[in-house]
Amino acid sequence: MRVVLVHIRDPQFYALPATTRAANGRIRVMGFPPIGIMSLSAVLKRAGHECVLFDQANPETPNEVIVGEIKRQRPDLVGLSFLSTTSYPYAKILARQIRAGDETVRLAFGGVFASLNAQLVKLQCPEVDFVCRGDGEQLILDLVEHLDDPSVVAGVTWAKDGKLVHNPNRLMERDLDQWPFPDREGLPLDFVESMPLDVPTVLSMERFTTMQTSRGCPWPCVFCDIPIFNEGKWRSRSPGHVVAEFDHLQKEGYGSVYFVDDHFLLQPKRIEAICNGIQQSGVTIQWGCEGRVDSVAQHLFPSMAKANCRTIMFGIESGSQMVLDRLKKEQTLGEIETAVTNAKNAGIEIVHGFFVVGSPSETVSDIRATFDFAARLRLDTFGFNRLCVYRGTPLWQEYVKRGLVDDKADWYKYFKCSEIDPTCLAGEVINRERTMGFRRLFLYKILHYPKQTARLLRRFIRFMPLRDVVYLIVKPFLGVTRGPTRNEVLSRAVEHPALKDAAGNLTQVADDLLAHVMSESRAERLRIQDDAEQTGRLTDDPDLDRRVVTEIALSPTADPSAKQRATR
Ligand code: B12
Ligand code: SF4
């Protein structure tokens with residue numbers, strides 16, 4: 001079988017660098033590689049199928065070229081893969097262009113948004129034959145074998161005789177080691193490691209890629225749909241499998257890797273084994289990961305640094321405990337300070353904080369407290385996004401109950417919370433406070449952490465045109481405000497009006513599902529925690545994790561002000 005897979009992109013999440021070609025002749029893209037379609041391609045090829053990949057980031061394959069190639073190559077299946085609500089409009093547009101060019105080709109959608117809204121998507125996009133839910137590896141293998149009768153393919157939503165068919169869910173696969181490494185050579189692109197800030201910020205010019213070593217996160221943050229996408233479960237690859245992929249990437253010439261895991265820092269035993277494996281195999285690739293600040297694996301930050309972990313990104317969200325509690329983040333300001341301090345003391349070069357502003361019940365003084373908190377933390381980089389609400393999250397459900405969103409009419413949209421929730425500050429106030437907060441934060445960092453700031457700027461200047469670095473620094477002081485982004489406008493505009501009502505009638509399942517997922521999440525956390533405790537017991541020290549974390553925070557090399565804060 002021949003399969004074409006396309007990764008759909010939001011234009012603002014990638015950019016083309018000034019030097020558009022790498023030394024090997026491949027086009028350079030600043031952004032993350034499309035690891036979803038790369039994973040599916042590897043699985044298909046191993047099973048003997050042919051697979052052709054396209055990425056909308058490739059300037060040489062705009063939609064017209066993709067449509068033309070599909071007409072020319074006549075694949076058995078075309079899969080469009082996209083991550084979020086924001087990229088759904090672009091997926092719809094391409095699906096319609098493909099269908100207009102070829103009436104018979106089989107079209108499939110997959111990815112997080114499509115999974116969580118499968119029936120609605122199928123109704124709104126009749127030109128798409130299959131909406132695929134959850135993990136795609138086994139699903140796509142089964143689908144290509146049953147294109148004419150997908151009734152036996154678990155996890156597919158499709159239509160028969162004009163009626164919607166929602167096949168049962170696929171059992172969640174725990175053995176992730178069975179899948180081959182992603183097909184990274186299937187696209188003629190080289191990716192540049194960057195952060196999607198206002199000016200895309202280049203972190204290195206090493207050959208860059210992403211890896212996924214675990215899936216899911218069992219916490220209940222109200223704005224996040226990861227728990228529901230993963231049915232409240234966390235699944236991981238074995239350390240040996242992860243290290244083997246590192247080894248393979250090193251041989252392929254990669255110098256930098258970022259883990260797209262939702263919470264890498266969950267299981268100390270696994271992290272330790274991965275770090276040991278990297279050191280023993282002599283892999284020199286620098287890597288980065290994301291995790292929670294309450295991780296019990298913080299005593300391993302020094303081992304991670306030794307194993308070339310260069311970046312840790314924490315979901316900090318707010319400097320107000322009230323806001324953290326409102327978001328059900330289940331973390332404290334003290335835990336945040338400890339984690340950031342531990343990471344810096346361990347020698348992690350870039351520690352990043354994700355923050356949100358514009359949360360429900362947040363006041364002006366909460367926003368100010370957040371920026372002050374960010375200033376005091378030893379963070380190297382930070383991002384402050386306006387909180388948005390997406391369908392599939394507990395916050396969306398709450399808004400439905402409070403009558404703030406209409407699930408029937410709004411399911412494919414996303415909103416800045418402040419646009420719809422009267423308990424949020426007005427958008428202009430949030431933007432004003434954010435601009436002022438940024439200015440204070442920048443000045444504070446330059447004055448109080450001059451060496452740390454200079455080191456970071458030196459890194460940027462090495463890889464970015466000077467004017468971009470200057471713009472990055474002065475941007476907060478320019479006070480430019482923007483209206484809605486192109487995505488925001490698109491996500492609210494592109495639809496099949498005639499089918500909207502029919503789609504809306506299917507939106508009644510979320511409550512039960514949410515309750516089920518949240519209880520599964522709690523059980524999963526207990527299971528993993530048990531496991532961590534048992535690891536402690538195996539080393540004859542049940543308090544190992546907690547004690548070492550505190551020791552690192554209070555070590556004599558720690559910043560003395562952080563030491564005071566950590567003991568507060
Ligand atoms: C890495 C990442 C990014 C990267 C983008 C990477 C890229 N290549 O474009 C960056 C940082 C740029 C980013 C930006 C954003 N992201 Co993001 N991102 C992620 C993250 C952490 C991992 C995605 C990933 O690489 N997964 C690994 C691959 C292997 O999985 P996958 O793509 O889902 O593919 C699997 C299946 O879905 C399936 N599959 C996928 N496609 C297809 C197609 C077919 C035909 C089939 C059969 C199967 C199939 O098979 C694959 C293998 O099992 C996810 C969280 C998550 N766990 O998914 C959030 C996530 C997708 N992002 C999210 C959001 C909101 C955004 C932003 C809107 C954030 C913002 N406010 O700016 C933007 C929008 C970006 C865009 N759409 O272009 C939300 C989406 C929520 C929603 N309902 O919309 C998520 C779920 C995070 C969250 N906590 O809620 N993101
Ligand atoms: S910690 Fe919260 S925000 Fe982060 S992945 Fe888990 S549920 Fe989502």
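Start with ligand 2. Its surroundings are Cys217, Trp219, Cys221, Phe223, Cys224, Pro227, Arg292 and Lys329. A residue is near a molecule if one of its heavy atoms lies within 4 Å of it. By class, that shell holds 6 nonpolar, no polar and 2 charged residues. For the classes, Ala, Val, Leu, Ile, Met, Phe, Trp, Tyr, Cys and Pro are nonpolar, Asp, Glu, Lys and Arg are charged, and the others, Gly among them, are polar.

A word on provenance. This is a predicted model, where local features need pLDDT of at least 70 and side-chain atom pairs count only at pLDDT 80 or more, while totals for chains, interfaces and linings use all residues. Residues are numbered from 1 along each chain as its sequence is written, chains are lettered from A and ligands numbered from 1 in the order written, and side-chain values use heavy atoms, without hydrogens or water.

Back to Cys217. Where is Cys217? In the loop between strand 11 (214-215) and helix 7 (226-229). Helices (H or I, at least four residues) and strands (E, at least two) are DSSP runs, numbered from the N terminus. Cys217 counts as buried because its relative accessible area is 13%. The cut-offs: buried is under 20%, exposed is over 50%, partly exposed is in between, with a 1.4 Å probe and protein chains only. Beyond its neighbours within four places in sequence, Cys217 is in contact (heavy atoms within 4.5 Å) with Ile226, Pro227, Lys233, Trp234, Asp262 and His263. Ser521 is 304 residues from Cys217 in sequence, yet their C-alphas are 7.9 Å apart.

Now ligand 1. How many residues surround ligand 1? 36, and the closest are Phe13, Ser81, Thr85, Glu137 and Asp225. By class, the shell has 16 nonpolar, 13 polar and 7 charged residues.

One ligand 1 nitrogen is 2.7 Å from a side-chain N or O atom of Ser81. For Asp262, a ligand nitrogen sits 2.9 Å from a side-chain N or O atom. An oxygen of ligand 1 is 3.4 Å from a polar backbone atom of Asp10. The elements giving two or more residues to this shell are helix 1 (35-46), strand 4 (77-81), strand 5 (106-110), helix 6 (137-145) and helix 7.

Asp10 also has a protein partner. The side chain of Thr86 makes a polar contact with the Asp10 side chain, at 2.4 Å. Thr86 makes another with the side chain of Ser84, at 2.5 Å. Thr86 lies in the loop between strand 4 and helix 3 (88-101). With 8% relative accessibility, Thr86 counts as buried.

Next, backbone angles. Most residues other than glycine have a negative phi. Glu231 has a positive phi, near 50°. Glu231 lies in the loop between helix 7 and strand 12 (235-236), and at 29% relative accessibility it is partly exposed. Asn308 also has a positive phi, about 75°. Asn308 is in the loop between helix 10 (301-306) and strand 15 (309-317), partly exposed at 22%.

Notes
A polar contact is a pair of N or O atoms within 3.5 Å; within protein, one must be able to donate a hydrogen and the other to accept it, and residues adjacent in sequence count only if both atoms are side-chain atoms.
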